[in-house]
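Take a walk through this structure with me.

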Amino acid sequence: MNALPATGLGSARGTAIRGIGPLLLIFACCAANAQQSEPPAEPDKSYALPALEIIGFDFLLNRYNRRFSGSSDYDVTAASIRRNLRGPWVVDNDPFKINQFAHPYQGSMYHGAGRATGLSYWESAALTFAGSAMWEIAGEKTPPSKNDQIASGIAGSFLGEPLFRMAHLALKSGSSVPPAWREWVAGAISPPVGFNRLAFGSRFDGAFSDHDPAYYGRLHMGYTHVTQHDFVTLPGFKSNMAQVDFALDYGLPGKPGYTYTRPFDYFNIQALFSSANGVENLTTRGLLFGADYAAGDNVRGIWGLYGTYDYLAPQIFHVSTTSLSLGTTGQWWISDSIALQGTAMAGLGYAAASTTAGPLTDASEYHYGTAPRVSLALRVIGGNRISVDVSARRVSLGRITNRSAGSDDITRVDTSLTWRIKDQHAVSVNYLWSQRNAQFPVIGGRRQTLGTVGIYYTLLSRQGFGAVDWR
């Protein structure tokens with residue numbers, strides 16, 4: 001069920017998302033100053049403000065969609081709300097980017113509204129789930145969608161928490177973002193953070209402390225060329241692309257005194273933008289429940305239950321998952337100057353897949369199902385000069401919910417070498433390999449493979465390659 005148009009978040013409807021500010025400024029107020037003789041006050045928080053912001057957001061989004069979408073899906077009435085309250089909940093096949101990218105982003109707005117007004121992760125996650133259900137029932141007149149509820153109500157929190165914490169990093173006094181730009185950058189990363197700081201100033205600043213995490217961040221900007229493909233190309237396929245690739249590992253294990261008592265005290269996020277197809281990859285993984293561990297003097301790590309959201313859309317296929325996994329993240333000092341960092345996870349989620357290249361492209365190729373997911377990411381760090389990264393993930397859709405039976409196995413392998421030139425400046429070379437193997441009883445099997453080589457200018461974070469030294 002469409003929450004945002006298939007033209008993407010850059011469309012006019014995306015402007016509606018950012019336009020909720022004027023409606024909600026009426027809720028601005030000032031926190032009372034505590035007297036010096038009184039004990040320190042508890043950090044401020046509000047349940048009413050984020051609820052009102054979500055209601056206002058959904059109302060404006062519905063009004064905009066009704067005016068400009070050209071669809072009657074948003075002609076909500078009291079009768080349609082009563083009908084949706086009675087159910088049933090269905091699985092819809094709206095455009096892939098709407099269901100698997102726009103809906104999680106919409107959910108991240110709900111989550112960010114809660115976090116930006118002082119709520120905890122779990123309080124914000126509950127608010128996100130409720131906000132998604134409200135949209136499914138009262139934001140559209142079509143039957144509420146189970147797959148949209150997972151994408152907005154669960155994946156929205158798995159995406160919203162990293163965005164909230166990244167915005168908090170941008171606002172810190174030690175941030176590499178110039179002071180004049182910090183409020184703007186934080187608002188661009190997480191619009192609810194920007195809006196609530198505009199409306200309420202520093203009222204909620206004391207509600208969250210990041211405990212000064214160890215992190216590794218890098219930004220690739222460069223050129224990519226297709227070197228291998230195994231599929232029938234369609235008009236518009238591009239062999240040469242400009243790309244921007246951002247990645248952040250937050251809360252790396254091993255820093256003395258840092259704890260993992262809250263969800264997403266460790267997380268990883270990666271976003272890849274391509275001139276060929278817009279958002280090609282958006283992936284987050286975060287530790288929901290877990291603990292740290294040590295093995296001798298040279299190994300530190302964390303293990304537990306991770307929440308993961310994947311959106312993967314190279315030019316040949318689309319796949320997205322929302323999953324829970326057991327896994328571990330750790331670092332091993334191999335020698336005095338060489339460190340190995342890595343994450344290994346295995347779990348189960350709800351996934352969607354479709355093809356975007358080939359003569360059999362049609363609605364029957366767009367399907368949902370439960371999906372095992374495994375992933376491995378390794379980084380070898382050689383002092384402050386070089387790093388080698390290798391990551392792989394595999395998603396396997398088994399029994400498909402809107403097909404009698406079938407299998408769909410997607411594999412993605414990403415390798416890169418980064419050489420630091422000076423300070424935070426580096427160069428990188430990358431090889432990226434994607435493959436889809438699908439077997440269906442009606443249309444048979446197919447294999448799609450795509451390999452690309454890229455060269456990038458790389459901007460590193462102030463913490464270099466991210467090796468944590470506790471020795």
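**Spaces, charges and rings**

The volume of the largest cavity is about 600 Å³. On a 1 Å grid over the protein atoms alone, a cavity is a set of points where a 1.4 Å probe fits but cannot get out, and residues count as lining when they have an atom within 4 Å of a point. Grid points are joined across faces, edges and corners, and the volume is the space filled by probe spheres set on the points. Of the 39 residues that line the largest cavity, Asn268, Gln270, Arg285, Ala377 and Ser391 are the closest to its centre. The structure holds 5 cavities of 30 Å³ or more.

Two notes on the source. This is a predicted model, in which local features need pLDDT of at least 70 and side-chain atom pairs count only at pLDDT 80 or more, while totals for chains, interfaces and linings use all residues. Residues are numbered from 1 along each chain as its sequence is written, and side-chain values use heavy atoms, with hydrogens and water left out.

Which strand gives the most to the lining of the largest cavity? Strand E8 does, with 6 residues. Strands (E, at least two residues) and helices (H or I, at least four) are DSSP runs, numbered from the N terminus. By class, the lining of the largest cavity has 12 nonpolar, 17 polar and 10 charged residues. Here Ala, Val, Leu, Ile, Met, Phe, Trp, Tyr, Cys and Pro count as nonpolar, Asp, Glu, Lys and Arg as charged, and the others, Gly among them, as polar.

Now look at the open spaces. The largest pocket has a volume of about 1100 Å³. A pocket is an open set of points with protein on both sides within 12 Å along at least five of seven lines. The largest pocket is lined by 36 residues, and the closest to its centre are Met166, Val185, Ile189, Phe246 and Leu248. Several elements give two or more residues to this lining, including helix H5 (96-116), helix H9 (182-189), strand E2 (240-250) and strand E12 (444-460). The largest share, 5 residues, comes from H8. The lining of the largest pocket divides into 24 nonpolar, 8 polar and 4 charged residues.

Next come the charges. Side chains of opposite charge can pair when their charged atoms come close. A salt bridge is a side-chain nitrogen of Lys or Arg within 4 Å of a carboxyl oxygen of Asp or Glu. The whole structure has 22 of these salt bridges.

Strand E8 returns here. Arg373 and Asp310 meet through their side chains in a salt bridge, at 2.4 Å from N to O. The pair links distant parts of the chain, with Arg373 in strand E8 and Asp310 in strand E5 (residues 299-312), 63 residues apart. Are these two residues buried or exposed? Arg373 is buried, at 4% relative accessible area, and Asp310 is buried too, at 3%. Buried means under 20% relative accessible area, exposed over 50%, and partly exposed in between (1.4 Å probe, protein chains only).

Another salt bridge joins Asp249 and Arg379, at 3.2 Å from N to O. Asp249 lies in strand E2 and Arg379 in strand E8 (residues 367-382), 130 residues apart. Both residues are buried.

Arg262 forms a salt bridge with Asp265, with the closest N and O atoms 3.1 Å apart. Arg262 is partly exposed, at 22% relative accessible area. Asp265 counts as buried, at 1%.

Finally, the rings. Rings of Phe, Tyr and Trp (its six-membered ring) pair if their centres lie within 6.5 Å; planes under 30 degrees apart count as stacked, over 60 as edge-to-face and the rest as tilted. The count comes to 15 aromatic pairs. Phe57 and Tyr110 are an edge-to-face pair, because their ring centres are 5.9 Å apart and their planes are at 85 degrees. Phe57 is in helix H3 (residues 48-68) and Tyr110 in helix H5, 53 residues apart. Both Phe57 and Tyr110 are buried.

Tyr350 and Tyr368 are stacked, because their centres are 5.7 Å apart and their planes are at 15 degrees. Tyr350 sits in strand E7 (residues 338-355), and Tyr368 in strand E8. Both tyrosines, Tyr350 and Tyr368, are buried. Elsewhere, Tyr121, Trp122, Phe158, Phe264 and Phe289 form one aromatic cluster.
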